Amino acid sequence: LSDTLASEAVVSTQSTGTMMEYVKEVLVPYATRVKEELGLPPTAKPLLIFDVFKAHRDEDLLQLIKDSGFVYSFIPASCTGELQPLDLTVNAKFKSLMKAQFISWYAGEVGRDPEKTVDLKLSTIKPLHARWMIDVLSELKGQKELVISGFSKAGI
């Protein structure tokens, strides 16, 4: 499972890490690689779109982002669902497909034994959820038009 995730997505967790480390260790290398893959000049400036979560507004973080060659923009509070490009398309599709995965699994469980209570403990659902995520990401992989349409819908 972890090999599949590692080959298909950037997965990052932060237990004691900071947004500063995330920029340095994840975003900068990723942006550098993508610019090279797309044949863009090293001076091309990737856009970071943030909500107004406090950690995203830290002055030192914003300075690091600028110094690392990014530009950024904030989405006003309560407007993420209307203005965040991925919320407008990709995330909605992702959530819909994940819901369908759950419904299909749940229906199968009920169908096996309608009298038995379906086990919804986290210890049961977590591994299933990880598998569903991989399946959904595989389905969404390569749908550039879905990403592009989100930016169009957001007016970017």
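Figure 1. Where pLDDT is low, the predicted coordinates should not be read in detail. The chain as a whole averages a pLDDT of 88, and 89% of the residues score at least 70.

This is a predicted model, in which local features need pLDDT of at least 70 and side-chain atom pairs count only at pLDDT 80 or more, while totals for chains, interfaces and linings use all residues. Residues are numbered from 1 along each chain as its sequence is written, and side-chain values use heavy atoms, with hydrogens and water left out.

**Figure 2. Helix α2 against helix α3.** Helices are DSSP runs of H or I with at least four residues, numbered from the N terminus. The axes of α2 (residues 19–38) and α3 (residues 59–67) come within 9 Å and cross at roughly 15 degrees. Axes are lines fitted to C-alpha atoms, for helices over the stretch in contact, and angles run from 0 to 180 degrees between N-to-C directions. The two helices α2 and α3 are therefore roughly parallel; angles under 35 degrees count as roughly parallel, over 145 as roughly antiparallel, 65 to 115 as roughly perpendicular and the rest as oblique. From α2, the residues M19, M20, V23 and K24 meet D60, L61, L64 and I65 of α3.

**Figure 3. Helix α6 against helix α7.** The axes of α6 (residues 90–112) and α7 (residues 122–140) come within 10 Å and cross at roughly 130 degrees. Helices α6 and α7 are therefore oblique to each other. Residues of α6 in this contact include K93, F94 and L97, and those of α7 include T124, I125 and L128.

**Figure 4. An aromatic pair in helix α6.** The structure holds seven aromatic pairs, one of them formed by F102 and W105. Rings of Phe, Tyr and Trp (its six-membered ring) pair if their centres lie within 6.5 Å; planes under 30 degrees apart count as stacked, over 60 as edge-to-face and the rest as tilted. The pair of F102 and W105 is tilted, with 5.8 Å centre to centre and 45 degrees between the planes. Because F102 and W105 are three residues apart in α6, about one helical turn separates them.

How values were computed
Contact means heavy atoms within 4.5 Å. pLDDT is the predictor's confidence in each residue, from 0 to 100.
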